[in-house]
Amino acid sequence: MNRPIPLARGASARGALARGALALSLSLVFPAAALASPGAHGPNGEHLDAPGATVNASGLARLPDGSVNVPVAAQRRMEIRTRFAEESEAAVTVELSGRVVMDPNAGGRVQPMYAGRIEPGPKGLPLAGQGVRAGEVLAWLRYQPEPFALAEQQALLVEVRNNRALAEQRLSRLQGLAGTVPRKEIDAARAELESLQARERRMGGALQGREALKAPMDGVIARAEVVAGQVVEARDILYEVVDPARVLIEATVADPALAAKVESARVVEAPAVALQLVGSARSLRDGVLPLTFRGVAKEEGANTPGAGKAAPALPLAVGQPVTVVAALAERTRGFVLPAEAVVRNPANEPIVWIKSGAERYIPQPVQYRPLDASRVVITHGLGADNRVVVQGAPLIAQIR
């Protein structure tokens, strides 16, 4: 009886070798498909790789389909970090144009009441950024009248001095006749002399005196507009004193109902500053409605020991234009990512980079909204299995 067993064994061995060779050849021909990760799919399940796209680049390179090849060693040097996007609920936000303004209860101005010449104070003229105390003399203002007015005032002073000398002589004569003249005449002469003496002192002091320009509060000189010998006019702003830990941010909106929806706010230029809504105006200004926020330090140091110490200075300057991101009570679903994950492509469209292999990154156009000063929420363009670059995206975008 025939025994075909050795032949079957030989055929099975040859078939296994053939299947292994076929699998090896497929892995060599289609490395992109072999390296494709779940992050290579779009929000609706579509594959993000271009049809027929193959990866044959070595080193840093931008491929014809727009993707980028980044070797593992370069990824370490560029400190590229990725993570899987997770869909969640986030607050609806709006961006508002704002400006830092002085808190009227924590700032003040120094203005002269009349024209004059500036003279340095006891410690010299203060500079911008210098700390001052309430009541401290910042400078002296010496009255400088016009020549004709000065001549008229000097002539009037001479007249008062002459009248005072005559009053002294009259009082002296009456006191010598104390027993022959009524007492009331002596008292009247003494009162007239005292009046002329007080008038002479005041007029002489007005011509030769000076006014002390004092700090209205404790704080820092935010603005200094004087030098020694400068002639200033009445109501000129010479100094502005502010408390750097207490500032206000004034944002503008076109919708009067928006103020009632604001839950929290942040300043893009100063992520360490939180904003508290003080209120909204009830009168339009230049077609918009001002919203007033109070800038405070973040909550990290609010409940720490020693909280009674002076509040730290905020990294904001009076007059600085800022962008306010206000979070509303409404909610939207999306993918919360760091703001640096969103970059621009050559067409100036917002994109994120999705990792589709060990060394390959695909640009994906997205729609997003700012969430706060350091985060954004992606509303369109991402899927739940996308592995998104959250650190180093601007460096990948620069690869050509």
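## Overall make-up

Helices, counted as H or I runs of at least four residues, and strands, counted as E runs of at least two, are DSSP runs numbered from the N terminus. On that basis the protein chain of this predicted model holds 6 helices and 23 strands.

Of the 400 residues in the protein chain, 35% are buried, and the chain exposes about 23300 Å², of which carbon and sulfur atoms supply 54%. Among contacts with a separation of 6 or more, 73% are between residues 24 or more positions apart.

## An open antiparallel sheet

An open sheet is formed by 4 strands in the order β5-β12-β10-β7, with antiparallel pairing. Because β5 (107–110) and β7 (131–132) stand at the edges, each with a single partner strand, one side of each is left without a neighbour in the sheet.

The antiparallel pairing of β7 with β10 (residues 219–224) runs over 2 bridges, and V132 has G219 in β10 as its bridge partner.

## Salt bridges

In general, side chains of opposite charge can pair when their charged atoms come close. A search of the whole structure finds 18 salt bridges. One of them joins R223 to E240, with the closest N and O atoms 3.6 Å apart; this pair links distant parts of the chain, since R223 lies in strand β10 and E240 in strand β12, 17 residues apart. R223 is partly exposed at 32% relative accessibility, whereas E240 counts as buried at 9%. Both residues belong to a network of salt bridges that also includes R109 and E225.

Two further pairs involve helix α5. E200 forms a salt bridge with R161, the closest N and O atoms being 3.3 Å apart, and the pair links distant parts of the chain, with E200 in helix α5 (residues 183–208) and R161 in helix α4 (residues 147–176), 39 residues apart. Here E200 is buried at 16% relative accessibility, while R161 is partly exposed at 41%. In the other pair, D187 and R183 have their closest N and O atoms 3.8 Å apart; both lie in helix α5, 4 residues apart, or about one turn of the helix. D187 is partly exposed, with a relative accessible area of 36%, and R183 is exposed at 57%.

## Positive phi in loops

R235, a residue other than glycine, has a positive phi near 70 degrees. R235 is placed in the loop between β11 (231–232) and β12 (239–242) and is exposed, with a relative accessible area of 66%.

N348 is likewise not a glycine and has a positive phi of about 65 degrees. The loop that holds N348 lies between β18 (343–344) and β19 (350–355), and N348 counts as exposed at 52% relative accessibility.

Note on methods. Residues are numbered from 1 along each chain as its sequence is written. This is a predicted model: local features need pLDDT of at least 70, side-chain atom pairs count only at pLDDT 80 or more; totals for chains, interfaces and linings use all residues. Side-chain values use heavy atoms; hydrogens and water are left out. Buried means under 20% relative accessible area, exposed over 50%, partly exposed in between (1.4 Å probe, protein chains only). Two strands pair if DSSP finds at least two bridges between them. Contact means heavy atoms within 4.5 Å. Accessible areas come from the Shrake-Rupley method with a 1.4 Å probe; for residues, only the protein chains shown count as cover. A salt bridge is a side-chain nitrogen of Lys or Arg within 4 Å of a carboxyl oxygen of Asp or Glu.
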